[in-house]
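Colleague: Hi! Could you walk me through this model? I'd like to start with some charged side chains and then look at the rest.

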Amino acid sequence: MATMRDVAQRAGVSAKTVSRVINNDRYVSADVRERVGRAIDELQYVPNLLAVTFRAGRDAAIGVAVPGVADPFFASIIGAVEREASRRGVAVIVTAVGWEPSHEQRSVEAVLKRQVAGMIICPVGHDMSYLRPWQARTPLVFADREPGRLTADSVVQDDVGGGQEATRHLISHGHRSIAFMGDDSWTGVRRHKGWQQALDEAALPRRRDLAHLGEVDIATLTPTLQQMLQTPDPPTAVFSSNARCTIALLTVLQALGRTDIGLVGFGDFPTAAALTPAVTVIHQDGDAMGRFAVDRLFTRLDQPVRRLRRRTVLPVSLVPRSSCALPGERVYAPHRDVAGESCSAVS
């Protein structure tokens, strides 16, 4: 790793001047600031902002980056991390990067610059290579999704197996025309693969006209589902690849007046069991994932000897409820508003 002295030598200035540039001291000329910035980029220098080491037992913090803190799955990951960090007397800095990859780098690096000893990241984007300079001195563990273009410790769930199990469950209820709806994230693509494999096992065709990998908001899913329902052999059931998509689909189905479409969602949400019918889901154990990720991070911090980075896959499980009726049967009850619930398509 490059040092501050290396940057100073490359830029032809003193180490103190480099420090001033990094700290955005206004008494640095534009020319010097440009030369130092160029040297930092060329050497991929990352400032060591950690004032005290984690192993010294003094004040330290770890970072956690998730798409959204309100999402129940990611909230449970954060909760597990905070409990273990609190037990060790370590602070946790949490950032919500949103669902747009373009915001991710800025948010993650903002935390890394705040003296964290290590970081747990639930990535959104497909390219995490920008973290290579940081990774050399800051332990990183990825949860829920593997980091694209970066080799690192990761803990994920069995997305392919969960997709298979969800689709098999619908097939067992007599559905033969099953749609897939989800985003094009790493997890979405793998759950789509599980959908395909279950169809292959049952000798059912992989129909591209019944597969959606893209935005999962109501505005997108409404015309997409309408188009699927207008095909010669329309779907009698849908496998939804995440909770956001499932919640949006419930609203779309209600708006279209379709009470006869079976549904299985990947990922539970707070009111899934209370709706009528209760929504069958593939359960993700966010608490277990958080505990595993933070344990791996603390192991790296406690034992900083270079080791091979590992990928761990946690199992998922089907929670059967009542949203998978036989084809043609009424699945959903007539609409009645559910106060305070964004998926009030059913009651």
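Predicted model: local features only at pLDDT ≥ 70, side-chain atom pairs only at ≥ 80, totals over all residues.

Colleague: Which residue does Asp260 form a salt bridge with?

Modeller: Its partner is Arg258, and the closest N and O atoms of the two are 3.0 Å apart. Arg258 is partly exposed as well, at a relative accessible area of 27%.

Colleague: How many salt bridges does the structure hold?

Modeller: There are 20 of them. In general, side chains of opposite charge can pair when their charged atoms come close.

Colleague: Nice. What does Glu146 form a salt bridge with?

Modeller: That would be Arg311, with 2.2 Å between the closest N and O atoms. Glu146 sits in the loop between β4 (140–143) and β5, while Arg311 belongs to strand β11, so this pair ties together parts that are 165 residues apart in sequence.

Colleague: And how accessible are Glu146 and Arg311?

Modeller: Glu146 is partly exposed, with a relative accessible area of 26%. Arg311 is partly exposed too, at 43%.

Colleague: Staying with strand β11, which residues are on its covered face and which on the uncovered one?

Modeller: The strand runs over residues 311–314, with Thr312 and Leu314 on the covered face. Arg311 and Val313 make up the uncovered face.

Colleague: In what sense do β5 and β11 pair, parallel or antiparallel?

Modeller: Parallel, over four bridges, with β5 covering residues 153–157. Gln157 is the residue that stands opposite Leu314 in β11.

Colleague: Let's switch to helices. Where do Glu34 and Arg38 sit relative to each other?

Modeller: Both are in helix α3 (residues 30–43), and because they are four residues apart there, about one helical turn separates them. Arg38 counts as partly exposed, at 41% relative accessibility.

Colleague: Which residues are linked with Asp287 in a network of salt bridges?

Modeller: Arg83 and Arg291 are linked with Asp287 in that network.

Colleague: What about charges that gather on the surface? Which residues make up the patch of negative charge?

Modeller: Glu100, Asp184, Glu215 and Asp217 gather there. Asp184 lies in the loop between β6 (178–182) and α8 (186–201). With a relative accessible area of 45%, Asp184 is partly exposed.

Colleague: Now Pro133: which helix is it in, and is it buried or exposed?

Modeller: Pro133 is found in helix α6, which covers residues 132–135. It counts as buried, because its relative accessibility is 13% and the limit for that class is under 20%.

Colleague: How far apart are Pro133 and Ala2 in sequence and in space?

Modeller: In sequence they are 131 residues apart, while their C-alpha atoms are 9.5 Å apart in space.

Colleague: Last topic, the whole chain. How many helices and strands are there, and what does the C-alpha trace span?

Modeller: The chain has eleven helices and twelve strands. Its C-alpha trace spans about 75 × 40 × 40 Å along the principal axes.

Colleague: And what percentage of the residues count as buried?

Modeller: Of the 347 residues in the chain, 52% do. Pro133, at 13% relative accessibility, is one of the buried residues.

Notes: Residues numbered from 1 in each chain as written. Heavy atoms only, no water. Patch = residues over 30% accessible without salt bridge, like charges linked within 9 Å, V, L, I, M, F, W, Y side chains within 5 Å. Areas by Shrake-Rupley, 256 points an atom, 1.4 Å probe, with all protein chains shown as cover. Salt bridge = Lys/Arg side-chain N within 4 Å of Asp/Glu carboxyl O. Lys, Arg positive; Asp, Glu negative; His and termini not counted. Charge placed at Lys NZ, Arg CZ, Asp CG, Glu CD. Helix = DSSP H or I, 4+ residues; strand = E, 2+ residues; numbered from the N terminus. Buried < 20%, exposed > 50% of the residue type's maximum accessible area, 1.4 Å probe, protein only. Pairing = 2+ DSSP bridges.
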